[in-house]
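The entries below follow the order in which I looked them up.

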Amino acid sequence: MLVLVAPGQGAQTPGFLTDWLALPGAADRVAAWSDAIGLDLAHFGTKADADEIRDTSVAQPLLVAAGILSAAALGDISGIAPGAVAGHSVGEITAAVFAGVLDDTAALSLVRRRGLAMAEAAAVTETGMSALLGGDPEVSVAHLERLGLTPANVNGAGQIVAAGTMEQLAALNEDKPEGVRKVVPLKVAGAFHTHHMAPAVDKLAEAAKALTPADPKVTYVSNKDGQAVASGTAVLDRLVGQVANPVRWDLCMETFKELGVTAIIEVCPGGTLTGLAKRALPGVQTLALKTPDNLDAARELVAEHTQA
């Protein structure tokens, strides 16, 4: 069984969209999306520097656009026929497109509002996120809570992401939990999936009222608890609440295992989630769509692992 996944914020790198825009029809499609949301996606995906695309209001629409574009280059979703789809954080909106819950334009309009609302919430207090590599999850979570930090992403495979104020993160750097090898600051502009993002929830809920979600056509696995969600309305509700609540990617991977996953393809800019899967799901084949050069290998994987 194939699972199609989409990465979250921090996966973007300068120029990562360049090669994808050279594919037939891609530039026109991205131009239409850019007009619809009032953001020059082609510019930010090809010419902008790391600081520019670190901006939450830019990074989030850019990631969703890249995910949709690369999946479309792989093939029509009905032809890909994944057994399940999921996304990490903002990647859940990309996955909602794969599942048929939202169309391209609705998803990009929603993520544009999400990025702006979260950027505004992040500006209130200087906050950030850092990844903890190694260690026991229970020990690490208790340690973070003592420092006033939130375990915002529980990613599995020995990785937890802490979020909070810069002072709290500095304290973490000086006082790592037992067993943690390294604390790595992430390229994000706020403490996402914590109470610091609460102001963004109301704004996103207002934006969601204008949308009419469809029920998922394939199994949609949610970050909230790793459960499959069968209702489009429930998916949208979870997308709204998700910005101020932890991402449980560990539970998503447990669900993949229960569903019988045999292969995972991560859409552009892939690498993060396939890296986690290699450690947490041994024996499962993985492939990251980093550039169009990966498409042929991805199509072979699709042919081998899609459901009849």
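**Entry 1. Threonine 127.** I worked from a predicted model. I began with threonine 127, which lies in strand E3, residues 127–134.

**Entry 2. H8 and H11.** I turned next to helix H8 (residues 104–122) and helix H11 (residues 198–208). Their axes come within 8 Å and cross at roughly 160 degrees. An angle over 145 degrees counts as roughly antiparallel, and I therefore recorded H8 and H11 as such. The crossing of this pair is right-handed. Which residues meet here? From H8 I noted Leu110, Arg113, Arg114, Ala117, Met118, Glu120 and Ala121. From H11 I noted Pro199, Ala200, Lys203, Leu204, Ala207 and Ala208. Sorted by class, the contact of H8 with H11 has 9 nonpolar and 4 charged residues, and no polar ones.

**Entry 3. H2 and H8.** I then examined how H8 packs with helix H2, residues 26–37. The axes of H2 and H8 are 10 Å apart, and the angle is about 50 degrees. H2 and H8 are therefore oblique to each other. On the H2 side, the contact is made by Arg29, Trp33, Ala36 and Ile37. On the H8 side, Asp104, Thr105, Leu108, Ser109 and Arg112 take part. By class I recorded 4 nonpolar, 2 polar and 3 charged residues for the contact of H2 with H8.

**Entry 4. Lysine 217.** Last, I located lysine 217 in the loop between H11 and strand E7 (219–220). Is lysine 217 buried or exposed? The relative accessible area is 72%, and exposed means over 50%, so I recorded lysine 217 as exposed. I also looked up its separation from isoleucine 77, which is 140 residues away along the chain. The C-alpha atoms of lysine 217 and isoleucine 77 are separated by 9.9 Å.

Methods
Residues are numbered from 1 along each chain as its sequence is written. This is a predicted model: local features need pLDDT of at least 70, side-chain atom pairs count only at pLDDT 80 or more; totals for chains, interfaces and linings use all residues. Side-chain values use heavy atoms; hydrogens and water are left out. Axes are lines fitted to C-alpha atoms, for helices over the stretch in contact, and angles run from 0 to 180 degrees between N-to-C directions. Helices (H or I, at least four residues) and strands (E, at least two) are DSSP runs, numbered from the N terminus. Angles under 35 degrees count as roughly parallel, over 145 as roughly antiparallel, 65 to 115 as roughly perpendicular and the rest as oblique. A crossing is left-handed if the near helix is turned anticlockwise from the far one by less than a right angle, and right-handed if clockwise. Contact means heavy atoms within 4.5 Å. Ala, Val, Leu, Ile, Met, Phe, Trp, Tyr, Cys and Pro count as nonpolar, Asp, Glu, Lys and Arg as charged, and the others, Gly among them, as polar. Buried means under 20% relative accessible area, exposed over 50%, partly exposed in between (1.4 Å probe, protein chains only).
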